[in-house]
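The following questions and answers concern a single protein model. Please consult the sequence and the structure while reading.

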Amino acid sequence: MTQTPAFNKPKVELHVHLDGSIKLETILYYGRKRGVALPADTVEELQNIIGMDKPVSLPGFLAKFNYYMPAIAGCREAIKRIAYEFVEMKAKEGVVYVEVRYSPHILANSKVEPIPWNQAEGDLTPDEVVALVNQGLQEGERDFKVKVRSILCCMRHEPKWSPEVVELCKKYRHQNVVAMDLAGDETIKGSSLFPGHMAAYEEAVKSGIHRTVHAGEVGSAEVVKEAVDMLKTERLGHGYHTLEDEALYNRLRQQNMHFEVCPWSSYLTGAWKPDTEHPVIRFKNDQANYSINTDDPLIFKSTLDTDYQMTKRDMGFTEEEFKRLNINAAKSSFLPEDEKRELLNQLYKAYGMSPSDSAAGQHP
């Protein structure tokens, strides 16, 4: 029984984590192949352990990665394969353009300190991880006709990795990589301002590397302010708690700041309390600039349609709003201007619109 998609037209997704979008079958395959112990040996059991049905805390959610990442990290074949399968997954969801993000360091086992997931030291460096993901994404793009670019993540708890992240963005900027991000546990006090992150973002501004930051998901409006004013972010990952500071929210709306909204994720991580109005309703009513995204579909047992169904069914979202937010997603993507125009024309055509129809949502 497959339900009709809530929005059966081409979509753009800007906030989704590669390591949160792995197929359960692939995890089991590499667990067996590499002799890595997993907490279950069938797809169903593994899904019940990794997957979530009800809200937990953000750190509780982040702990889920410990179950399965050791099966994938440090393995060249696995890393290339999860990138390739990711594109296949997005093709099935009707996505025509996606920006997928990941931390190169979290998949490496060499030239990374500390080595993640208790791996033995090997010879797979963060640099080679990026090259492998690029190969998988490029082959996926060719086979499944989805345009894909990637975003490299700095991790809040490891500021010493961040300077290398921006260097990898520079090295691979003409091969898939379009931006950098700051991800991880936002509840680590003052983590936006750790010198390693500050230096990396400063270098990104200087080198013309695009920037997004996870901020205001569970953190306060203050974290959003730091991301905007100190790290000079161009988009906000989540950004829900911006609404606690009306002056900040008004300023960001005037600047046409893009909010990467992940509705189903915000329910399961406890970022949004279901007895309150979801921030995305305010964004919609204010005609703000935002997109709808899955974040970590493996853990949230979701597809992009889950998020569209949720907003359509529970929040009164219309086809018109879905078109508007996808056009805004395309406009706020980190593609070069000529490719952005191509993407927008593809959407206008599919939506039966002319570019002037969307002038209301234009960049200032």
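**Strands, helices and rings**

Q: In this predicted model, which residue of β7 does G237 stand opposite?
A: Helices (H or I, at least four residues) and strands (E, at least two) are DSSP runs, numbered from the N terminus. Two strands pair if DSSP finds at least two bridges between them. In β7, the residue opposite G237 is E260.

Q: How are the residues numbered, and what limits apply to the values?
A: Numbering starts from 1 along each chain as its sequence is written, and side-chain values use heavy atoms, with hydrogens and water left out. Because the model is predicted, local features need pLDDT of at least 70, totals for chains, interfaces and linings use all residues, and side-chain atom pairs count only at pLDDT 80 or more.

Q: Over how many bridges do β6 and β7 pair, and what is the hand of the β-α-β unit that they make with α10?
A: Strand β6 pairs with β7 (residues 258-261) in the parallel sense over 3 bridges. A crossover is right-handed if, with the strands pointing away from the viewer, the path from the first strand over the helix to the second runs clockwise. With helix α10 (residues 246-254), β6 and β7 make a β-α-β unit that is right-handed.

Q: Which residue of β6 is the bridge partner of T212?
A: β5 (residues 210-215) and β6 (residues 235-238) pair in the parallel sense over 4 bridges. Together with helix α9 (residues 221-229), these strands make a right-handed β-α-β unit. In β6, the bridge partner of T212 is R235.

Q: What is the order of the strands in the open sheet, and which are the edge strands?
A: The open sheet is formed by 8 strands with parallel pairing, in the order β1-β2-β3-β4-β5-β6-β7-β8. Two of these strands pair on one side only, and these edge strands are β1 and β8 (290-292).

Q: By what angle are neighbouring strands of the sheet turned against each other on average?
A: Axes are lines fitted to C-alpha atoms, for helices over the stretch in contact, and angles run from 0 to 180 degrees between N-to-C directions. For neighbouring strands of this sheet the direction is ignored, and the average is 25°.

Q: Which strands does helix α14 touch?
A: Helix α14 (residues 304-315) packs on the sheet, and its direction makes about 115° with that of β8. With contact taken as heavy atoms within 4.5 Å, the strands touched by α14 are β1, β2 and β8.

Q: Are Y249 and F259 buried or exposed?
A: Buried means under 20% relative accessible area, exposed over 50%, and partly exposed in between (1.4 Å probe, protein chains only). Y249 has a relative accessible area of 0%. F259 likewise has 0%, so F259 is buried, and Y249 is buried.

Q: Why is the ring pair of Y249 and F259 classed as it is?
A: Rings of Phe, Tyr and Trp (its six-membered ring) pair if their centres lie within 6.5 Å; planes under 30 degrees apart count as stacked, over 60 as edge-to-face and the rest as tilted. The centres of the Y249 and F259 rings are 6.4 Å apart and their planes lie at 55°, so the pair is tilted.
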